[in-house]
Protein chains: 2
Amino acid sequence: MPRLTRIHETVLYGPDLDAMAAFYTGALGLRQVSRNADRGVVFRITADSVLIAFNPGETTKPHEVVPSHGATGPGHIAFTIPREDLDAWRDHLTGAGLAIEREVTWPTGARSLYVRDPAGNSVELLAGEVWPA
Amino acid sequence: MPRLTRIHETVLYGPDLDAMAAFYTGALGLRQVSRNADRGVVFRITADSVLIAFNPGETTKPHEVVPSHGATGPGHIAFTIPREDLDAWRDHLTGAGLAIEREVTWPTGARSLYVRDPAGNSVELLAGEVWPA
């Protein structure tokens, strides 16, 4: 069996890429590394992974190189945060004018904060693990 | 600024979780670690990351604990594969009855294979890097 080593591209959709770029670089502090006109914005997460915000109004069109895709409606992503940064994240997000939609303490002891990005995607900041190894 | 260390949960949507589970464990060889009735299936990717296939027919409903979410239409994900496994992946996927929708060689020299999962999500297997560091 050939191997998959990790997830390289995680994708969220939103029609307003300027708003998405402002949110992910500003409120979340990600580093934007590429912008393709009105099609997509790429944020570097680690040396081997990125987050891409795509505009489904563009990506659903036929493309010369890559397959078409593009979803509508709120997606979901969870980022790992260090446990010691949880309070700082709550302060930072509320200070940026964002509402904490939910705050959850999981049976494992992990904790999550949830906010919405400008497209309505549910963005979770997770300290600890919630899923089986 | 508090820290985000990585993406912990990457999400795709599909209404038929049995079909999604069969595809991601069978054709892609992922390891399923959780199944929540007709709501979602969790696949372990690394010690600190998972892929979750959610049924938007369930996740869009109000929930006691977590915010609602759920997209429709084809999403996109890219998995990293070792370069030396590219030919084996092509053989494995076609042997599993899947069509290779596109095969791309990028300006960086990276190479990608694209297939569709049962929900129509565009699944890319990527050997190499396509985005700026």
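**From a strand pair to the interface**

B:Val115 has B:Val123, in β8(B), as its bridge partner. The strands concerned, β7 (residues 111–116) and β8 (residues 122–127) of chain B, run antiparallel and are joined by six bridges; strands here are DSSP runs of E of at least two residues and helices runs of H or I of at least four, numbered from the N terminus, and two strands pair if DSSP finds at least two bridges between them. This is a predicted model, in which local features need pLDDT of at least 70 and side-chain atom pairs count only at pLDDT 80 or more, while totals for chains, interfaces and linings use all residues. Residues are numbered from 1 along each chain as its sequence is written, and chains are lettered from A and ligands numbered from 1 in the order in which they are written.

Elsewhere, β5(A) pairs with strand β1 (residues 6–13) of chain B in the antiparallel sense over four bridges, and A:Ile77 stands opposite B:Thr10 in β1(B).

Between the chains, 53 residues of chain A are in contact with 53 residues of chain B, contact meaning that C-beta atoms, placed from the backbone, lie within 7 Å. To the side of chain A that touches chain B, β1(A) gives the most, with seven residues.

How values were computed:
Contact = placed C-beta atoms within 7 Å.
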